[in-house]
Amino acid sequence: MKCEHCTRKECSKKTKTDDQENASVDVTSPAHENGEAREFHKLADAKIFLSDCLACDSCVSAEEGVQVSQQNAKDFFRVLNLNKKCDTSKHKVLAVSVCPQSLPYFAAKFSLSVTDASRRLCGFLKSLGVQYVFDTTIAADFSILESQKEFVRRFRQHNEEEPTLPMLTSACPGWVRYAERVLGHPVTPHLCTAKSPQQIMGSLVKDYFARRQNLSPDKIFHVIVAPCYDKKLEALQEDVLTASRGSRGTDCVLTSGEITQMMEQSDLSVRDAALDTLFGDVKEEEVRRHDGASSDGYLAHIFRHAAKELFNEDVGEVTYRALRNRDFQEVTLEKSGEVLLRFAAAYGFRNIQNVVLKLKKGKFPYHFVEVLACAGGCLNGRGQAQTEDGCVDKALLQKMKGIYTDIPVRLPETSAHVQELYQEWLDGTDSPRVQEALHTAYQGPGHPANSRDIKW
């Protein structure tokens, strides 16, 4: 019996290629053994499925489908090989940024601790010719801190005539794309304007880090390693800070699964290496995460901040209560029988559908919702923890959850590097550069989607 994800409908805007899944990449690995070039075999081209994200007819254009399919190992090796040519004018500095939800996958896959997995991954990428390997946790710090401030501001400004609540998170690109391209008003005004961690990491690498290294942004080829395919779509959006310089914040997104396939096919001798930071020779010795069971934990961080800032209430452990199902959970702050804050986490299509329907009817009781397209959260992204037939590898996913839970939590407010960057990079916490670098605006929808094409 097939699971529901085995009967997936492919997005009608996806552009296919004639390549077979087992066709080898026609660009060889830049690493050589005894002068003999070796090949890496190609994963299937990136495909956007309705069960992978919220894409539908109005979400992905034909041109975007082509661009998504081009973000693969072949593109990555093309740049690595250019760096081995004599024409240095075409050389690029390769920087790879790894999402924290990808690391438990590598740890579970190779039976390592998450710190050892990060060192193994970093060592492998550098053996290929990558110069820098970063962790995107620092970008999520910025995104969460800006989201916290925005929620408090919205809460204080909210009124019935011009409602600013609920605030809906904007870190999940599948959800944001669906909200922009299909739903439009009245949903998009509720999206948090804070950029996602991937977008902010693009600015950090192509703007802050580039200036520290005296590099033009177009001399850096920035790759994101992520748990889902939606991140490939997100990379197509020009970054505000770097667009004026003719460079995207993220040049290519590879899923955890794509990287794992490279590692499994490689016979390179790899020396483990600590992750780099944006701050010169300083290394990232230990992996840290945010307070979410399978994601960056926007709900928990914003809930605690709002409770303190708005009601002077200190919240320790956040208690979740499952309602309709385990992917729709509620958190409340109560005092003297009165509910002061009501937050929710809505993961997966069906729960998002219910949120949207209630929001449109004006019968939505929540102040804030953490929205993620993937049921089970980011760890369950379709770019990792999948069996060969495209179903969820439940045993591996359960192991990943345990590994992720054991990673120490670091509050964004406690990061000295973040506070340093606010001052050095952004001229303070409330400067115009903060708005430019860390916030965005949302597009309106295109043509309405045919409801038959949306697989709830």
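The structure holds five cavities of 30 Å³ or more. A cavity here is a set of points, on a 1 Å grid over the protein atoms alone, where a 1.4 Å probe fits but cannot get out; grid points are joined across faces, edges and corners, and a volume is the space filled by probe spheres set on the points. This is a predicted model, in which local features need pLDDT of at least 70 and side-chain atom pairs count only at pLDDT 80 or more, while totals for chains, interfaces and linings use all residues. Residues are numbered from 1 along each chain as its sequence is written, and side-chain values use heavy atoms, with hydrogens and water left out.

The largest cavity takes up about 300 Å³. Lining residues, meaning those with an atom within 4 Å of a point, number 28 for this cavity, and the closest to its centre are Gln101, Ala171, Lys231, Asp296 and Cys378. The lining splits into 15 nonpolar, nine polar and four charged residues, where Ala, Val, Leu, Ile, Met, Phe, Trp, Tyr, Cys and Pro count as nonpolar, Asp, Glu, Lys and Arg as charged, and the others, Gly among them, as polar. As for who contributes, helix H5 (137-157), helix H7 (197-212), helix H8 (230-234) and strand E13 each supply at least two residues, with E13 giving the largest share, three residues. Helices (H or I, at least four residues) and strands (E, at least two) are DSSP runs, numbered from the N terminus.

E13 also sits in an open sheet of five strands, with the order E5-E13-E12-E11-E10 and mixed pairing; two strands pair if DSSP finds at least two bridges between them. Strand E5 (167-168) and strand E10 (321-325) are the edges, each pairing on one side only. Inside the sheet, strand E12 (residues 338-347) and E13 (residues 368-372) pair in the parallel sense over five bridges, and Phe343 stands opposite Phe368 in E13. Helix H11 (residues 298-311) packs on this sheet, touching E5, strand E11 (328-335), E12 and E13, and its direction makes about 165 degrees with that of E12. Contact means heavy atoms within 4.5 Å; axes are lines fitted to C-alpha atoms, for helices over the stretch in contact, and angles run from 0 to 180 degrees between N-to-C directions.

Another open sheet has four strands in the order E4-E3-E6-E7, with parallel pairing. Its edge strands are E4 (132-135) and E7 (252-255), each of which pairs on one side only. On average, neighbouring strands of this sheet are turned by 25 degrees against each other, direction ignored. Strand E3 (residues 93-98) and strand E6 (residues 220-226) run parallel and are joined by six bridges, with Val96 standing opposite Val223 in E6. Helix H4 packs on the sheet and touches E3 and E4, its direction making about 150 degrees with that of E4.

Arg120, Leu121, Phe124 and Leu125 of H4 meet Ile259, Met262 and Met263 of H10. By residue class, this contact has six nonpolar, no polar and one charged.

Leu165 and Pro166 are joined by a cis peptide bond, with omega about 5 degrees, and Pro166 lies in the loop between H5 and E5. The bond from His185 to Pro186 is cis too, with omega near 15 degrees; Pro186 lies in the loop between helix H6 (173-183) and H7. Ser111, a residue other than glycine, has a positive phi near 55 degrees and is found in the loop between helix H3 (103-110) and H4.

Note on methods:
On a 1 Å grid over the protein atoms alone, a cavity is a set of points where a 1.4 Å probe fits but cannot get out, and a pocket is an open set with protein on both sides within 12 Å along at least five of seven lines; lining residues have an atom within 4 Å of a point.
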